[in-house]
Amino acid sequence: MTPPPALTIDSATRHYAGTRAPAVDGVSITVEAGEFLALLGPSGCGKSTLLRMIAGFERLDSGRVAVGGRPMSGPGLHVPPEERRIGLVFQSYALWPHMTVAGNVAYPLETAGVAKPERAERVAAALATVGLDGFDTRRPAELSGGQRQRVALARCLVMRPELVLLDEPLANLDVHLRASMEEEFASFHARTGATMVYVTHDQAEAMALATRIAVLDQGRLAQLAAPRDLYREPATPMVAGFVGQGALVPATVTGPATHGRAPVRLLGVDAVLRVRPGEEPGEALVCLRPEDLEPAPDGPLEVRIARAAYKGGFVLVEAVPAGGGPRLVLRLPGHTHPVAGESLRLAIRDGWVVPEADALNPARG
Ligand SMILES: Nc1ncnc2c1ncn2[C@@H]1O[C@H](COP(=O)(O)OP(=O)(O)OP(=O)(O)O)[C@@H](O)[C@H]1O
Ligand SMILES: [Mg+2]
């Protein structure tokens, strides 16, 4: 028998009173045990609401939530948060300032009535897991932001939750700390095998950490896929624009699809690009990533450089097609010195025909 999924969200909807549209609208996601799922999307798309629905802080208007196969929310059912065995880490980590690090981590165990010797053992283990052994007697004020965040993580882990929910846990930290905490989360996940649902509006963070990413767009699930698939094959124009760099270019699919590719005319150039199975000829939008565009002396596409920014190792270039069209993004080698106003010839090496938004959701029209 296969174990039940760590988390099942089935058509979950939450419409706050007095608002025009649901904050979370018919979202269905199944998370397998040990997965690291990122919930990604712009501000206000419903990430925190969905997380609070999973945790039990928010009731569902319709739909169901189950954790480890056990129903938690559904028609006539609402298991309170403290009975869900879910660990929570929020952006504002709310440690008790008057308690030591060990005291903070021990607190939920005390509340749960765990005996003192076991408490001490579990606190020590949790602090070791987040790399804070030896910090037991410090107070939160004597810690860096990242260390405080790790205390919050230890406090969550000490309860041995089956499922850990994190809402923008790195949002308050500076760039360097974010990078090192990102590593901490990744190695923590690898070590413990805990199932994690991680809310972020930072697509790079989601890409770096997640086994799969759920992109929310105005309360709806726009796509649920592994980072590579999300980047290579965005399901909607919104996902294409939100995840990774690149451009969305109006195009025409000029022939039938074979072996995952079809002939496409875009920016006055004929190319053979990646399409989903069954893509029909007709108007389309193409997602061009920086690596899809290659400088070539006899390339068919002429562009004018609008902006060039040295990024260390490469130069990030924004360029406008000479014949008109949206701004393209490409990378040139770090030893070159591209200058705004210069012309450049490009070859279109690859690209992805973004599926029609309504083709994906025929029921919604
Ligand atoms: N308690 C509430 N009452 C009414 N509307 C709310 C409430 N909480 C959130 N909303 C609205 O629901 C929508 C989703 O909010 P939510 O906090 O889930 O977004 P989010 O994706 O977490 O955004 P952010 O990235 O800014 O944290 C927003 O339009 C928000 O204004
Ligand atoms: Mg939020």
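Because the model is predicted, local features need pLDDT of at least 70 and side-chain atom pairs count only at pLDDT 80 or more, while totals for chains, interfaces and linings use all residues. Residues are numbered from 1 along each chain as its sequence is written, chains are lettered from A and ligands numbered from 1 in the order in which they are written, and side-chain values use heavy atoms, with hydrogens and water left out.

The protein is divided into domain 1 (7–232) and domain 2 (245–364), with bounds taken from an automatic or database domain assignment. Their C-alpha centres lie 37 Å apart. Five residues from domain 1 and eight residues from domain 2 take part in the contact, defined as heavy atoms within 4.5 Å. About 620 Å² is buried between the two domains, with carbon and sulfur atoms giving 31% of this area; buried area is the accessible area (1.4 Å probe) that two parts lose on being put together, summed over both. On the side of domain 1, Arg220, Tyr231 and Arg232 lose the most area to domain 2, together 84% of what that side buries.

Between the domains there are zero salt bridges, a salt bridge being a side-chain nitrogen of Lys or Arg within 4 Å of a carboxyl oxygen of Asp or Glu.

Turning to ligand 1, Ser43, Gly44, Lys47, Ser48 and Thr49 come nearest among the 13 residues around it (a heavy atom within 4 Å). An oxygen atom of ligand 1 lies 2.8 Å from a side-chain N or O atom of Lys47, and an oxygen atom of the ligand is 3.0 Å from a polar backbone atom of Gly46. A polar side-chain atom of Tyr16 is 3.4 Å from a ligand nitrogen atom.

The structure as a whole holds 19 salt bridges. One of them pairs Asp61 with Arg14, the closest N and O atoms being 3.5 Å apart.

Conventions
Polar contact = N/O pair within 3.5 Å; in protein donor to acceptor, adjacent residues only side chain to side chain.
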